[in-house]
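Hi,

Here is the structure I said I would pass on. Have a look when you get a minute, and my notes follow below.

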Amino acid sequence: MQKQRERLLVVYERVLTNIHDLDEDHNMGKMPTGDYQQERESWVQRGIEVLKALDGLHEQHALIGTDETEAIDTAIDQ
């Protein structure tokens with residue numbers, strides 16, 4: 001799970017870098033507004049998907065922790 005999280009964080013950093021680069025290119029006049037908006041929206045959507053995947057890993061990890069806690073509590077009770 002940790003490796004998945006690390007990979008997702010690398011992808012997210014790449015998304016942020018690309019959005020930053022797009023913003024700079026557009027502000028410098030290197031990119032037409034229409035192309036910029038379309039490309040930026042595409043990268044924003046990718047970022048959203050990565051964040052959702054990270055949240056899913058966090059939720060999955062929390063559930064695993066809950067199951068382990070319940071198993072430990074049951075073993076103690078027995």
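This is a predicted model: local features need pLDDT of at least 70, side-chain atom pairs count only at pLDDT 80 or more; totals for chains, interfaces and linings use all residues.

**Salt bridges, core and helices**

Glutamate 49 is partly exposed, since its relative accessibility comes out at 46%. Its salt-bridge partner is lysine 52, with 4.0 Å between the closest N and O atoms. Lysine 52 has a relative accessibility of 52% and so counts as exposed; the cut-off for exposed is over 50%. Both residues sit in helix 2, and because they are three residues apart, about one helical turn separates them.

Overall, the protein has two helices and zero strands. Of its 78 residues, 14% are buried. The exposed surface comes to about 6200 Å², with carbon and sulfur atoms supplying 52% of that. If you take contacts between residues at least 6 apart in sequence, 65% of them join residues at least 24 apart.

Helix 1 runs over residues 2–27. Its 26 residues span 37 Å from first C-alpha to last, close to the 38 Å expected at 1.5 Å a residue. Just after helix 1 comes glycine 29, which has a positive phi of about 80°. The buried residues of helix 1 are Leu8, Val15, Ile19, Leu22 and Asp23.

Where does the largest nonpolar core sit? It is made up of five residues: Val15, Ile19, Leu22, Tyr36 and Trp43. In soluble globular proteins, nonpolar side chains tend to be buried together. Leaving aside residues up to four places away in sequence, tryptophan 43 touches Val15, Asn18, Ile19 and Leu22.

Back to the charges: the structure holds two salt bridges. Besides the pair I began with, arginine 40 and aspartate 23 meet through their side chains at 2.7 Å, N to O. This pair links distant parts of the chain, with arginine 40 in helix 2 and aspartate 23 in helix 1, 17 residues apart. Aspartate 23 is on the list of buried residues in helix 1, whereas arginine 40 is partly exposed at 28% relative accessibility.

One more residue to look at is histidine 20, which lies in helix 1. Histidine 20 has a relative accessible area of 45%, so it is partly exposed.

Cheers

Notes:
Residues are numbered from 1 along each chain as its sequence is written. Side-chain values use heavy atoms; hydrogens and water are left out. Helices (H or I, at least four residues) and strands (E, at least two) are DSSP runs, numbered from the N terminus. Buried means under 20% relative accessible area, exposed over 50%, partly exposed in between (1.4 Å probe, protein chains only). Contact means heavy atoms within 4.5 Å. Accessible areas come from the Shrake-Rupley method with a 1.4 Å probe; for residues, only the protein chains shown count as cover. A nonpolar core is a set of buried Ala, Val, Leu, Ile, Met, Phe, Trp, Tyr and Cys residues joined through side-chain atoms within 4.5 Å. The expected span of a helix is 1.5 Å times one less than its number of residues.
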